[in-house]
Amino acid sequence: MKILVAVKRVIDYNVQVRVKEDGSGVVTDNVKMSTNPPDDNAIEEAVKIKEAGKATEIVSVTVGEEKAQETVRKALAVGADRGIHVKVDGIVEPLAVSKILQKIADKEKPDLIFMGKQAIDDDCNQTGQMLAALLNWPQATFVSKIEVKDKSLEITREVDEGLETLETNIPAIVTCDLRLNEPRYASLPNIMKAKKKPIEQINASDLGVDTKPRIEQIKVEEPPKRKTGIKVASVAELVEKLKNEAKVI
Amino acid sequence: MSALLIAEHDNKEVKPFTLNAITAASQIDQDLHVLVIGKNVDAVSKSISEVPNVKKVIQIDNEIYENFLAENFAPVIVKEAENYSHIVCSANTFGKNLMPRVAALLDISQVSDIIKVISADTFLRPIYAGNAFATVKSNDSKKCITIRPTSFDPAPTTGGSAEIVKAESGEATVLNKFIKREEIKSDRPELGTARIVISGGRGMGSGENFKLITEIADKLNAAIGASRAAVDAGYITNDHQVGQTGKVVVPDLYIAVGISGAIQHLAGMKESKVIVAINKDGEAPIFSVADYGLEADLFEALPQFLEELNKLNTIQK
């Protein structure tokens with residue numbers, strides 16, 4: 001079984017994002033970038049499945065500018081066998097990413113495609129579902145548990161009401177929740193070894209996918225600021241304020 | 001052209017957030033139709049037909065829709081979408097799972113999780129866990145939109161009498177099979193719509209200690225929330241998680257206990273009207289969004305809080 005894992009390079013989750021003064025976007029110069037956190041869970045799960053002897057190859061793919069390759073390199077250090085970097089500059093909307101991944105899937109013919117359930121930059125939560133639609137594959141979204149069976153997966157999804165269990169045919173798309181597993185750190189020897197693993201570079205334009213955005217970003221602004229609060233000295237004062245000042249209890 | 005809203009329901013009743021989505025969708029286009037897909041959903045259609053903003057209800061009834069599988073829903077929505085300019089759904093796990101599958105089949109770049117309708121093609125949406133707001137304009141001729149339900153008021157539920165028409169169902173796919181849903185039933189108000197939410201974080205130390213929170217929730221008729229750290233640690237089930245990848249809540253009062261206030265948690269609660277933070281670390285980021293901060297050991301503060309609340313006799317259940 002072959003697993004394709006899609007990863008995205010985003011502003012690190014610990015960075016306090018700042019909006020550019022001209023309203024054209026957020027500041028990314030000299031800002032720490034990392035792999036989108038649930039994409040790390042996607043890689044980890046693929047590696048675990050391979051370690052359990054149920055997968056033979058893991059291919060990690062990313063779509064983005066030159067430096068996006070770093071995320072694939074990290075996936076290789078954690079256990080992916082080879083990488084694919086589809087180069088494209090500027091904003092690439094989930095629809096375009098899913099069309100690119102469809103082309104990659106047509107070529108690679110994976111049995112499973114894993115990715116994070118949501119990217120923490122644009123918070124769109126679309127790519128996996130869109131790719132599943134384009135491939136006409138089943139989609140297992142927001143997944144916190146995977147059991148690999150003979151020709152199917154039994155997966156547990158995190159939904160608003162609680163948990164849902166589905167049996168999904170293979171091939172399938174799985175979008176991963178942060179609770180799926182605990183991503184490992186790459187060891188130094190594995191980071192060194194990853195440098196020798198191949199990353200194939202492809203230009204998005206060579207795949208025949210139109211990546212022109214369909215959604216115009218008119219402006220990006222800071223959200224309204226909350227007014228500064230106060231510290232209270234005691235529980236009694238807190239309750240008094242909630243009752244008489246805020247009038248919420 | 002008109003807008004088509006996909007209703008969320010449990011085959012018996014309409015889910016409350018569908019009413020918020022109706023408000024948003026009718027701001028996009030007043031000629032709003034609602035699509036009810038499910039199994040034996042006459043009662044759901046009937047109740048939606050009574051919402052004054054709704055002009056027409058389209059019902060697609062078949063046992064293959066019992067468990068809301070996106071693989072079965074998407075093709076019939078695509079078919080119905082032909083006559084509409086906007087396809088709309090709320091951005092909870094139901095809509096997040098479904099809408100992109102529909103959008104891709106229609107070759108539409110979806111606009112996710114809008115918090116404001118600026119015009120029929122321009123919307124405001126939070127990005128970067130709500131640390132920035134983007135104004136975006138969709139240039140697709142048809143639009144697929146998910147709305148953040150807590151950013152819109154629920155529509156009134158009585159006074160309307162929209163016609164209900166039945167439409168043909170599609171084929172079942174064999175792509176996947178529903179096995180079970182483990183819903184956590186509770187008598188408490190729902191987290192998404194509660195007037196008061198009290199949440200615990202890693203600082204609670206154990207699942208058992210959450211009883212300190214439960215007691216206060218009982219007293220205030222509040223819903224119980226949690227940070228991701230508390231859910232990951234197994235203190236409480238995932239349906240309680242508030243944050244960027246959990247639920248977004250906008251209660252009148254949000255009480256954060258033992259929660260440090262990571263960006264990802266703030267994304268789910270910082271629009272609350274009044275925020276209280278109880279934390280023993282005075283430097284915790286949660287205090288930056290709190291209207292009232294109490295620097296204290298929660299194991300002392302919570303019992304005192306309950307005691308003070310018991311002294312008040314004005315709290316309405």
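The legends below describe close-up views of a predicted model. Residues are numbered from 1 along each chain as its sequence is written, and chains are lettered from A in the order in which they are written. Because the model is predicted, local features need pLDDT of at least 70 and side-chain atom pairs count only at pLDDT 80 or more, while totals for chains, interfaces and linings use all residues.

**View 1. The open sheet of chain B has seven strands.** Their order is β5-β9-β4-β1-β2-β3-β10, with parallel pairing. β5 (111-114) and β10 (163-166) of chain B are at the edges with a single partner strand each, so one side of each has no neighbour in the sheet. On average, neighbouring strands are turned by 25 degrees against each other, direction ignored. Strands (E, at least two residues) and helices (H or I, at least four) are DSSP runs, numbered from the N terminus; two strands pair if DSSP finds at least two bridges between them.

**View 2. Strands β1 (residues 2-6) and β2 (residues 32-38) of chain B run parallel.** Four bridges join them. Ile6(B) stands opposite Leu35(B) of β2(B).

**View 3. Helix α4 (residues 93-105) of chain B lies across β1, β4 and β9 of chain B.** This helix runs at about 170 degrees to β9(B). Axes are lines fitted to C-alpha atoms, for helices over the stretch in contact, and angles run from 0 to 180 degrees between N-to-C directions. Residues are in contact if their C-beta atoms, placed from the backbone, lie within 7 Å.

**View 4. Strand β9 (residues 162-169) of chain A pairs with strand β11 (residues 176-183) of chain B.** The pairing is antiparallel, over seven bridges. Gly162(A) has Glu183(B) as its bridge partner in β11(B).

Technical notes
Two residues are in contact if their C-beta atoms, placed from the backbone, lie within 7 Å.
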